[in-house]
Amino acid sequence: MTSNLMTIKEKIKGAEKACGREDDSVTLVAVSKVHVAETIMPVLEAGQRIFGENRVQEAAGKWPAMKEAYPDVELHLIGPLQTNKVRQAIDLFDVIETVDRPKLARALARIFKEENKSCDIYIQVNTGHESQKAGIAPEETDDFITLCRNELGLPVKGVMCIPPFDEDGAEHFKLLKSIADRNKIDIISMGMSGDFEQAIKSGATHVRVGTAVFGKRPGY
Ligand SMILES: *Cc1c(COP(=O)(O)O)cnc(C)c1O
């Protein structure tokens, strides 16, 4: 696992260089979903601090102990969030990458206020218009960002997408980058194990890599 981590970091460095971007301009989010603490610990010990999980419940089971051991861990929620899990989610996660609808945005704003708490928010965009996939439609994204920022006062720091599984990511990455640029959003979360180098070339600031760091997920 640790050697995988080093390999990915080298590849990220190479991709940064290849497209004339600064060293360390890309952040690795190590996607540890499904993996147990015994698998994650060596990667923590090797210095990785930013992790992605896709289920609130699962993360709540395994991360509090690891966060106690490594208080500078930054956890990103990269899976769908139901409004009834918001309170639990903001207790555990530092970044919620999957804000994609007004109902969820309003729940976050209300509970931030009630709990006197906040965390960074990314807007998930359904760049492929896939009906089974989460994310706001690209053509509705500007209005949604305006709602989140101006009406709800949410700290919108980034955008994220998960391109259709069976398509070349390039067009989707380009679309997400253009949405970020015109809304003056700095963070662009795109690219996974199979396409993170391509995503970096398209302007990703954050890549979410699971399999290439931890190996195949058990049960998949
Ligand atoms: C699982 C997952 C990843 C990581 O995928 P890999 O192909 O294992 O790198 C990235 N983003 C999201 C949203 C995921 O659910």
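A residue is called buried here when its relative accessible area is under 20%, exposed when over 50%, and partly exposed in between (1.4 Å probe, protein chains only). The model is a predicted one, in which local features need pLDDT of at least 70 and side-chain atom pairs count only at pLDDT 80 or more, while totals for chains, interfaces and linings use all residues. Residues are numbered from 1 along each chain as its sequence is written, and side-chain values use heavy atoms, with hydrogens and water left out.

The secondary structure comprises nine helices and eight strands (DSSP runs, H or I of at least four residues for helices and E of at least two for strands, numbered from the N terminus). The radius of gyration is 17 Å, close to the 17 Å that the globule rule gives for 220 residues, so the protein is as compact as a globular protein of that length (taken over C-alpha atoms; the rule is 2.2 Å times the number of residues to the power 0.38).

One aromatic pair is counted (ring centres of Phe, Tyr and Trp, the last by its six-membered ring, within 6.5 Å; planes under 30 degrees apart are stacked, over 60 edge-to-face and the rest tilted). Phe51 and Trp63 form this tilted pair, with 4.9 Å centre to centre and 45° between the planes. Phe51 belongs to strand 2 (residues 50-53) and Trp63 to helix 3 (residues 56-69), so the pair ties together parts 12 residues apart in sequence. Phe51 is buried, at 0% relative accessibility, and Trp63 is buried at 0% as well.
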